[in-house]
Amino acid sequence: MKTVARLVAPVDSRDHIRGPKDAPVTIVEYGDFECAYSGQAHYALQRLSTDMPMFRLVYRHFPLTQIRPNALAAALAAEAAAAQGAFWEMHDLLFEHQDSLEPESLIAYAQVLGLDVEQFIVDLTSDASAANVREDFVSGLRSGVNGTPTFYINSERYDGSDEYDALKAAIEEAAKSRTRNVTKAKNIITRGESGAQF
Amino acid sequence: MSLKPRTLLPAGSQAPNFSLRDGPDSYASLSDYADSVVVLLFYTADFHPVCIRQLVVFNEALPEFHRLGAQVLGVSQDAIWSHIAFSNHFNMHFPLLSDYHPRGKVASAYGVPVTDGESARAAFVIDTNQRIAWNHMPPPDIALDAGSALEAVERIVFK
């Protein structure tokens, strides 16, 4: 039986990624724009990205449509903005206005961001946007998402607190662990060291 | 909360039958679901923050379970009236059973740690022969994920 939940869908070109490409730490978030906890985590992550630029953030959708009436539409709006290269701008606006996510507000945000609003509406209702959101939901389910938000730090589910200090410590630990592994690998290459016997 | 340590009934065991109130005038038995794979979810309490976190994900994933012909049943020691309020508040689409009298009797029969008022979070997947196929109890304070239960259902359905 698996004891630690792990990310089953690796980060790929379809993902929304923010932060340095070569960052030693990748955080994958499964979130819901209408979820208050996801909203709080957004502010913690914003602060962290300024304070410690050694991680990159990947955002995937996990809208809880049965309890939040606008969760799905908000996720689709982010995808529609992504089609015009403005995913993160929309992502930030949505989390900053969690109490106003009804359709008229979503269109207003597209205007604020200077998007082509007609195209935004077409993309918001497109099969492609729906398929992207669905794909994220399914990969989250398969990866062991157990609520929103759920974070994976370097592919391992993070079960700690979503607050700034706890996340900061977890990112630092993941970076250290990554450095240890890289050093070990370099030693193997440069000095021909290997634990394995051939 | 201190829980009496117990061992979950292991895979391969016969699943204990039960008859628990699931509405003001109705009872649900395991034998009512004899033709379905059953996901039996013991949880601590209605409105418990970690249980909310867990159960809303199961609720969202419910179509995935139904597609495989599996039924999800929640069980806690709350009275049926609390279940109704909880279910309405979070728009739950699966039955919540009341392990209320005597408190925790069914949880105990499945080996789930119980106190006088609350049970640990634990899940069982029960096959159509009423045998336990899979069980899982996450560490305290960690919500159980729907994906691992879904995989356990798939192992039965697609075997």
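**Exercise 1.** Work out the handedness of the crossing of helix 2 of chain A and helix 5 of chain A, and how the two are oriented.

*Solution.* Step 2: the axes of helix 2 (residues 71-82) and helix 5 (residues 117-124) of chain A come within 8 Å and cross at roughly 125°. Step 3: helix 2 and helix 5 of chain A are therefore oblique to each other (under 35 degrees is roughly parallel, over 145 roughly antiparallel, 65 to 115 roughly perpendicular, the rest oblique). Step 4: helix 2 of chain A brings Leu76(A), Ala77(A), Ala80(A) and Ala81(A) to the contact, and helix 5 of chain A brings Phe120(A), Asp123(A) and Leu124(A) (in contact means C-beta atoms, placed from the backbone, within 7 Å).

This is a predicted model, where local features need pLDDT of at least 70 and side-chain atom pairs pLDDT 80 or more, while totals for chains, interfaces and linings use all residues. Residues count from 1 along each chain as its sequence is written, with chains lettered from A and ligands numbered from 1 in written order.

**Exercise 2.** Find which helix of chain B gives the most to the side that touches chain A.

*Solution.* Step 1: the contact takes 18 residues from chain B and 13 residues from chain A. Step 2: helix 1 (49-60) and helix 5 (146-157) of chain B each supply at least two residues of chain B's side. Step 3: helix 1 of chain B gives the most, with 6 residues.

Conventions
Two residues are in contact if their C-beta atoms, placed from the backbone, lie within 7 Å. Helices (H or I, at least four residues) and strands (E, at least two) are DSSP runs, numbered from the N terminus. Axes are lines fitted to C-alpha atoms, for helices over the stretch in contact, and angles run from 0 to 180 degrees between N-to-C directions. A crossing is left-handed if the near helix is turned anticlockwise from the far one by less than a right angle, and right-handed if clockwise.
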